[in-house]
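Here are my notes on this one, point by point. Have the model open while you read.

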Amino acid sequence: MRSAKIFLLLVFVVTAHFVCAQQSVKHFVLNNTEIILISSKHTGRAHELVVVYPSSYNTNPDKKYPVLYYLDAYWDTPLLVSTYGNLIYDNLVPEFIMVGLSYPSSADYGKERRMDYTFTAVDEGSGRADLFLKFIQHEVAPLIEKQYRGEKTDRVIAGNSLGGLFAISAAYQAPDFFSGFIALSPAVEWDKQALVKLDNNYAKTHKSLNGRMFISYGSTEYPAFRDPIINFQQQLAARKYQGFELQNYAMQGLDHTTVKGDGYVRGLMWVWKNKKPAGPSGLERDMTSAK
């Protein structure tokens, strides 16, 4: 009987220690972030917006900010938060709000993005980018601009792979809505290179395509995926659309997702090149006390 009591006491002590240890665990948190739940009347599904505020947001209540709308926020938010901080420290881009387009944690991300990011259908689970674009135009952007001080005249859309496909197609399908486009390893090969056909049809009746666009790929990507990107870069450069500024970029030695780090740095610098702040970098300020 006594041994049983001792055993129960030990179980109690170990359990209590475990519970206390669990309660004392401190998790890393990304500051200046907020998740907004939104049910779309256009897509008919639930979405999440991951909003990342610039550091001056609370101390400048009347200031409006450019907005980066980025896809695949459930994967890329930590990377972009870090990238943003580095770019701001080096004084390479203006302050801007980031709005990550995401889904509830219970969602099948692969299924959802395939549906929302593709503008042509190859099966029942694809080809609804037109509805997703309307969701951004008529539900997300108005919310960010009315309640969160987003700038209406300076919106950038960014994505990787199918997200890059969506970003480029938006330039044709929503003229003048976005001012910048970042497409990292865009899925140009989608649906027998439907993006190439989209550009061909557009060029028949248009001489201008407004905005600044960055398109990149990794040199070690699977050739069947990589080569259509290279060909599309060349096709788009040859168009010489009025009002359009393009930067094509190849990342040596990188593959399909490792392009994101360098790609977002260079892409954000390119789309906001004309808004680069004056003055020294953070390092120069730290070392010389310059302002």
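1. Of the chain's 291 residues, 47% come out as buried (under 20% relative accessible area with a 1.4 Å probe, protein chains only; over 50% would be exposed, and in between partly exposed). The C-alpha atoms fill a box of roughly 90 × 60 × 40 Å along the principal axes. This is a predicted model, with local features needing pLDDT of at least 70 and side-chain atom pairs 80 or more, while totals for chains, interfaces and linings use all residues. Numbering starts from 1 along each chain as its sequence is written, and side-chain values use heavy atoms, leaving out hydrogens and water.

2. The secondary structure amounts to 9 helices and 8 strands (DSSP runs numbered from the N terminus: H or I of at least four residues, E of at least two). Among contacts (heavy atoms within 4.5 Å) with a separation of 6 or more, 74% join residues 24 or more positions apart.

3. An open sheet of 8 strands runs in the order E1-E2-E4-E3-E5-E6-E7-E8, and its pairing is mixed (two strands pair if DSSP finds at least two bridges between them). E1 (33-39) and E8 (242-251) are the edge strands, each with a single partner, so one side of each has no neighbour in the sheet. Neighbouring strands are turned by 20° against each other on average, direction ignored.

4. E6 (residues 180-184) pairs with E7 (residues 208-218) in the parallel sense over 5 bridges, and Leu184 sits opposite Ser216 in E7. Helix H5 (residues 162-173) packs on the sheet, touching E5 (150-160), E6 and E7, with its direction at about 140° to that of E5. Helix H8 (residues 259-271) lies across E3 (65-70), E5, E6, E7 and E8, at about 165° to E6. Those angles run from 0 to 180 degrees between N-to-C directions, with axes fitted to C-alpha atoms, for helices over the stretch in contact.

5. Have a look at Tyr117 in helix H3 (residues 109-117). Is Tyr117 buried or exposed? Tyr117 is buried, at a relative accessible area of 0%. Not counting residues up to four places away in sequence, Tyr117 touches several residues, including Leu71, Asp72, Tyr103, Phe132 and Phe166. Its C-alpha atom is separated by 12 Å from that of Ile136, 19 residues apart along the chain.
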